[in-house]
Amino acid sequence: MNDFLNDWGLTLAVFLPLLGAVVMMVIPRGEEDTHKIVALVSTLLSGAVGVWLLFNFDYDHSHKLQFARSDSWIEVINSRYHIGIDGISLPLLVLSMFITILVVIYSWNHFPEPHNPKAFLALTLVLEVGMNGTFVAQDLILFFVFFELVLLPMYFMIGVWGGEQRQYAAIKFFLFTLFGSALMILSFLALYFKGGQTFDMPQLIQVAQANISHNTALWIFGGLFMGFAIKVPMFPFHTWLPDAHTQAPTQGSVILAAILLKLGTYGFIRIAIPILPEAAHTWAPWIGGLAVVGIIYGALGCLAQTDLKRLIAFSSVAHMGFVMLGIATLTPVGINAAIFGMVAHGLITGMLFFIAGSVKDRFHTLEIRRLGGLLVQAPRLGWILGFCAMASLGLPGLAGFWGEFPAILSAYSPAAGMSEALFRTYMVIASVGTVLAAGYLLWMFQRTAFGNPPEEFADHHIHDVHGPEWLAWTPMLAGIVVLGVLPGLLLNITNPAVMAAFSRI
Amino acid sequence: MLINQFLLLGAALFCIGVYGVLARKNGVLVLMSIELILNAVNINLLAFGAMHQGPAAITGQVFALFIITVAAAEVGVGLAIVLLIYRNRTSVDLSEVDLMKG
Amino acid sequence: MLEHAWVIPAITFTSFWLILFFGRRLPKGGSEIGILAVGSTLVLSCVMVAQWVGRAKTLAVGHGEEIEHIRGPVDNTVRWFTSGQFRVRVGTHVDGLTVVMLFTVALISFLVHVFSTNYMEGDRRFTHYFASLSLFTTGMYVLVTASTTLAALFGWELMGLCSFMLIGHWWEEKPNSNAALKAFFTTRTGDIGLLVGISILFWAAGGTFDIAKINQAALSGQISHTVLVVAACALLAAVIGKSAQFPLHTWLPDAMAGPTPVSALIHAATMVVAGVYLLARVYGVFWVGFHIPDGGFNFVAAVGATTIVIAAVLAFVQRDIKKVLAYSTISQLGYMVMALGVGAWTAAIFHLFTHAMFKALLFLGSGSVSHSVHSFDMVDDMGGLRKPMPKTFATFMVGSLALAGLFPLAGFWSKDEILLGAGENGYKVFMIVGLVGAFMTAMYMTRCVYLTFFGEYRGHGHPHESPLPILGPLYVLTVFSVGAGLLNAPFTHEWFGKLIENETFFHAGVATHDFSVPDALISTVVVLAAIGIGYLLFFQGKLPRGVTARQPLARVGYTFLANRYYLDHIYTGGVVGGISGPIARAAYWFNQNVLDGIVNGVAIVAKKFADWQYKYIDQGAIDGTVNGSGHGAEGLGGFFRTIQTGRVQQYGALLFGATALLALALVLTV
């Protein structure tokens, strides 16, 4: 069994959901419960493989690729089916599996209009294939295929199950991302032709730097930057995000925030920077600058919002700014902070979107002005919202802190050769961002949760948190606390890998 | 200088064919004009083939044979389409057929 | 126990979760868990004090020949996580300062718990309240036992969270939640400095959060002075926010929106003293960064001194008894910060300790009063309460006199030490500011006592004495308010100071001074004068606008004052009439409108700017570009569409035409 899983574990983890989706295709549409069960079972199976991976991962050598496979795939262009995980991808892979399971559980009685659980869950499963695959791929073409695979299900999720302006939002999301992907694939090709006729990431990391002249590398990095930065999203490429989030169904928003945004930052850490470290060095100050602009800008954007979901969406711009600031320092401390920030943001913002969805279910509106007194009508929901707001603003002891503070810390001392004065300015600006974060989150909390319920809803009977919600949320809430108190759980996995990959930059 | 005359004949046939394809409204006539164009090409190929000595001489004739075959098939399909258009519209006026308008 | 100081925050933290999950099902709504937990931490902290006193003096400190042996700190740390090449540890660092703080926090928190069982009875969220109290206490425990700045940040922010929860305890009413938000924002604004400061010190000290190492690096000159100045300024910003120093003090009076026992806890032992504690803990950074031993002037002392005066003036014009006490707290915190600024480290901590006792006493006393009259308004709803509430009155009197600094109560000793330190360390100006502050403190407390307990009862209903759970804590605190000062008096050989003075203290070479009788006399006289004038002004209702000429008693007081301050009769005429009248009102106006206005204005401008930015830049320019490219593509498509007629022959014509052109081009060029 172990030998089998050693070889095929990752493949199983990636493609089991696809199997589930195929099974669902042959089951008639009317049998909703069967669909739910099939979807849950296939995500759980994939998750079980994930747990096995967690237990059998060699944490002492987390900088090495583990459970790796390399089979021939497209021989003409020397692209191989090369997969494997190390300490950087493991947490994100597990996060992706974990979130999908919870999304399926949450969906149990929360299907948005026009219902159709079969299609909805099948898309969710396909989405998981894409996300898991992106985190295990070690070949650029394979990476690209998985990276693009997530687009379609998400497009349909927004376009079919979304809100009023779903079509506009879906197309905007699709086009924006595709535009970035186009530049990204160009860069991949450039890496192939200039870097040594291979798409293999570990090989490229070895040889690309020597083969590619600095000027060419700068251009290639630019293409990769566009592809990943749009996905992150970084200011000023973020405008698809609020629309997509606002229009997407709750589950879509959760996956989008928790995992999809991470594909961009993961791309930076996994591909762009290790393969082209010198180009990254030249680009880093600009990336850092855009990151801190994003932090302040996102926060200001939040302050101007009147819609709960849109506010949370804008807060992602600010939070991913912290992640990108950590990455821009190009130091192990900063990259660790970024990975932590990615996981923490996945849990916290995912939770916030879940809550927003539940609020919408109950009040049929997300307009902050019309809400109020949530703590009176649904105290548990209200306190969970408060908890997540606190986590989101980076309260020490909760996961969000370890994404924010270490990023600020690392900005004081960026990688050798970069302007310290510039990055220290970034540090101060980013710190100001933490206050603004407190501002918009607590302001939102005060207006939605404190006070007495508005007359409009005063007589409504509002359900407090119910079964599937508890099931879906408890693990995430626990994760936020556990990671907040014991950051070592995550940092011990990532640190050796990060040290191995980034201490040479 | 024999080849010049062959080529001139081909050119004349080709021009007549093009005129027919572009100007005539009757679908059947357009098909016939297409045949003219193809045959103009055939003549050219044969002429060029004849210029060569040795094994290469056969090449032009082989191509011409291919074209004749393809042209037969093409006319078959074309006439079938024209027939269907006629059945649906009781006319073979091509200026009225604009289903592909964008 | 000294090695296992982590047990103390662990107990209250566990208690928080227990109350949260099981409190509602218990007969006393979870308060029994809270009291038990805090009570046991009180016992443990007493044990720790005893163990510390009994600890052998093994650590040699000092320069050259003046080697002295003190009790070494007890460290107990474990690996927390590793990031990059930095191994970050977490754990406890226990020295004299820690054990004293632990004792103070545990005592006050315990009494507040007991007080609350009766005071908060029947509250809408009784259980939540006790859970928050436990968490709040945990925050302060974490802060004072922290061995690293990072762990200290945990405690620091935990308190911020709890103050938010407790100030906004009755969040159904908008003003309460506004106050909670304001407290959180304001302290968080200061926390920018904390984040930056911790980051700077981490790198400057060679990649460590360890406070002892940071102090050592700062004092040994390992860190460049520029870096230290920036770090010290950043940390000072955090202190200003948390300890409600000028100009970030405006949140504190608003924080009175919370339940009264919470105010006692926030003001006496947690939250606001956290800033002072931090200053004292990383003293090496400030000591070198601000050139504290050089005397003359420095930023820390200036902030403290400004706060003393500004806040004391404001205390004169309050109608709400809790607001008087709130401004008084700000002013007293100013003393502590100033003391640290002038190099009187021991005095600052000592004042923190005594102030905790009498300020908790006063707050709980005001709680007892309001419990009886159901109001905090001294002018409209109180007066003459000494008769129906004799016990509350007596304890409140002791607290007020201790705050005023009257010999031999607690406040006298600690305040006197601060003034002495300021004078001896070359900060004469600050000593005078301190005296002025003492004068004003005594006077506004006289006013407060008069309005509350003397004259005629102006409220409704029949006030009654409070029950034992409320009076008990008052009695205990009364004992401490009387006796705490003696711990550091000359005839106890400055026992308290010897207890707390730690490695940093000796390494820096902070000066100590013996008790000086003339200085003590001066401050006593100042306080007595203030009480006397206050008596004239408030009890007798005689304002010095010309009335002194006709009233013999007032004239005596006036002459008396004029004799003590022969330099300036302008001071007595102007200050007494002016400060408590128009100047104070103006200052309050400035406070409410300008400072508060700036805070609100900044928020409004930020909001407006955010609206503008969102509307024009985000939705207009950036989104416009995106949509514009879409529209452009669409227009181009529309143009090409016209060519697409659907007629085969036209396509053919185009094809031939194009081929012909290409052929022509080929012929012409080749």
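**Exercises on a predicted model**

Chain A of this predicted model contains 21 helices and two strands.

**Exercise 1.** Determine whether the radius of gyration of chain A agrees with that of a compact globule.

*Solution.* Begin with the chain length, which is 505 residues. For that length, a compact globule would have a radius of gyration near 23 Å. The value for chain A is 22 Å, and therefore the two agree.

**Exercise 2.** Describe the burial and the contacts of chain A.

*Solution.* First, take burial: 64% of the 505 residues of chain A are buried. Next, take the contacts with a separation of 6 or more; 78% of these join residues 24 or more positions apart.

**Exercise 3.** Characterise the contact between chain B and chain C.

*Solution.* Count each side: ten residues of chain B are in contact with ten of chain C. Then classify the chain B side, where six residues are nonpolar, two are polar and two are charged.

**Exercise 4.** Identify the residues with the most contacts inside the largest nonpolar core, and examine the surroundings of C:Ala348.

*Solution.* The core comprises 433 residues, and those with the most contacts inside it are A:Ala272, C:Leu235, C:Val285, C:Ala348 and C:Ala360. Helix α14 of chain A (residues 332-363) gives the most to this core, namely 19 residues. Finally, setting aside residues up to four places away in sequence, C:Ala348 touches C:Val276, C:Ala280, C:Met336, C:Ala339, C:Leu340 and C:Ile418.

Definitions and conventions. Residues numbered from 1 in each chain as written. Chains lettered and ligands numbered in written order. Predicted model: local features only at pLDDT ≥ 70, side-chain atom pairs only at ≥ 80, totals over all residues. Helix = DSSP H or I, 4+ residues; strand = E, 2+ residues; numbered from the N terminus. Rg over C-alpha atoms; globule rule 2.2 N^0.38 Å. Buried ≥ 20, exposed ≤ 12 C-beta atoms within 10 Å, placed from the backbone. Contact = placed C-beta atoms within 7 Å. Nonpolar A, V, L, I, M, F, W, Y, C, P; charged D, E, K, R; others polar. Core = buried A, V, L, I, M, F, W, Y, C linked by C-beta atoms within 7 Å.
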